[in-house]
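Colleague: I would like to learn how to read a fold from its strands, rings and cores. Could you take me through a case?

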Amino acid sequence: ITVFNTAPGGGTSNPATFTITDPSVDATGGFTINATFGTATGNQTVATFTDPGGPEPNLFDPTPISINGHYSATILWGDGTASGPGTLSFDAATGVFTVSGNHTYTHSGSLPITVTIDHELAPPVTVTSTASVLDSGLTGATAVPVRAVEGQNTGMVVLATFIDADPSSTVHDWNAQINWGDTSPASTAIVELAGGDPVSGGNVFVVVGSHTYAEEGPLPATP
């Protein structure tokens, strides 16, 4: 910018240079996605944003011609896996950009999703959303036969085994009840961790309980 003094005897200033940069975006998080451990989420919205300077590309900033040349987003999914790029889309009617992504969670729980949005050379903006990730359910459930003597307590015996493919699963993720098959009320069982499952990479659990049978006979106990 050069300033001129038009008065008689006026002069001209030395040129001054202004560097105009893009502003950071205005971003919004707070989205919640529902997912199941081990199953792809499908494309889910994790953040939205607007550009205070106007969406690009535009008349004053036409190149690159794709929005991905002006903005980018990175998603950290919160389950210990590496971050990955988000998918950007733009609604011309509202002027709002959307960041979305698809992920397969490696464990269950309420997990933070961290989204970082870049606008060319402007400082990046980070917002957070949440994933509510459910267990995929038990597999390999197997009943274990129990021998008992009428009138004598069985002691603590294993009644069933099952597998939870989530490697972060614990005994606190599961509850079990036992129907002993003799018309007595169902009782709460104990779930114990037996070890890892080499096939699924998850954990093997056992269902344990004790009971005193009043009468003899083959009875269908159901854990």
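Predicted model: local features only at pLDDT ≥ 70, side-chain atom pairs only at ≥ 80, totals over all residues.

Colleague: Let us begin with the overall composition. How many helices and strands does the protein have?

Modeller: DSSP assigns zero helices and 15 strands to the protein. Of its 223 residues, 32% are buried. Among contacts with a separation of 6 or more, 61% are between residues 24 or more positions apart. The protein exposes about 12,800 Å², and carbon and sulfur atoms supply 56% of that area.

Colleague: How do I read a sheet, and in which order do the strands of the open sheet lie?

Modeller: Strands of a sheet pair through backbone hydrogen bonds, and the pairing is either parallel or antiparallel. Here five strands form an open sheet in the order β2-β9-β8-β4-β5, with mixed pairing. β2 and β5 are the edge strands, each of them pairing on one side only.

Colleague: How many bridges join β4 to β8, and how many join β8 to β9?

Modeller: β4, residues 71-76, runs antiparallel to β8, residues 109-119, and six bridges join them. S72 stands opposite D118 of β8 in that pairing. On to β9, residues 125-134: nine bridges join this strand to β8, again antiparallel. There T116 has T126 of β9 opposite.

Colleague: Now the aromatic rings. What describes a pair of them?

Modeller: A pair of aromatic rings is described by the distance of the centres and the angle of the planes. The structure holds eight aromatic pairs. In one of them, the ring centres of Y71 and F97 are 4.6 Å apart and the planes are at 50°, so this pair is tilted.

Colleague: Which parts of the chain does the pair of Y71 and F97 tie together?

Modeller: Y71 belongs to strand β4 and F97 to strand β7, residues 96-101, so the pair ties together parts that are 26 residues apart in sequence. Y71 is buried, at 1% relative accessible area, and F97 is buried at 0%. Ring pairs also link Y71 and F97 with F49 and F90 into a cluster.

Colleague: What is the geometry of the pair formed by W77 and Y105?

Modeller: W77 and Y105 form an edge-to-face pair, with 6.2 Å centre to centre and 90° between the planes. W77 sits in the loop between β4 and β5 and Y105 in the loop between β7 and β8, so parts 28 residues apart in sequence are tied together by this pair. W77 counts as buried at 5% relative accessibility, as does Y105 at 1%.

Colleague: Turning to the cores, which residues of the largest nonpolar core touch the most other members?

Modeller: That core has 25 residues, and F49, V99, Y105, I113 and V115 touch the most other members. At least two residues of the core come from each of β2, β3, β4, β7, β8 and β9. Take I113 as a case: leaving out residues up to four places away in sequence, its contacts include I33, V46, I75, W77, Y105 and V127. Another core, of 13 residues, lies apart from the largest one, and V157, L159, A160 and F205 are among its members.

Conventions. Residues numbered from 1 in each chain as written. Heavy atoms only, no water. Pairing = 2+ DSSP bridges. Helix = DSSP H or I, 4+ residues; strand = E, 2+ residues; numbered from the N terminus. Phe/Tyr/Trp six-rings, centres within 6.5 Å; stacked < 30°, edge-to-face > 60°. Buried < 20%, exposed > 50% of the residue type's maximum accessible area, 1.4 Å probe, protein only. Contact = heavy atoms within 4.5 Å. Areas by Shrake-Rupley, 256 points an atom, 1.4 Å probe, with all protein chains shown as cover. Core = buried A, V, L, I, M, F, W, Y, C linked by side-chain atoms within 4.5 Å.
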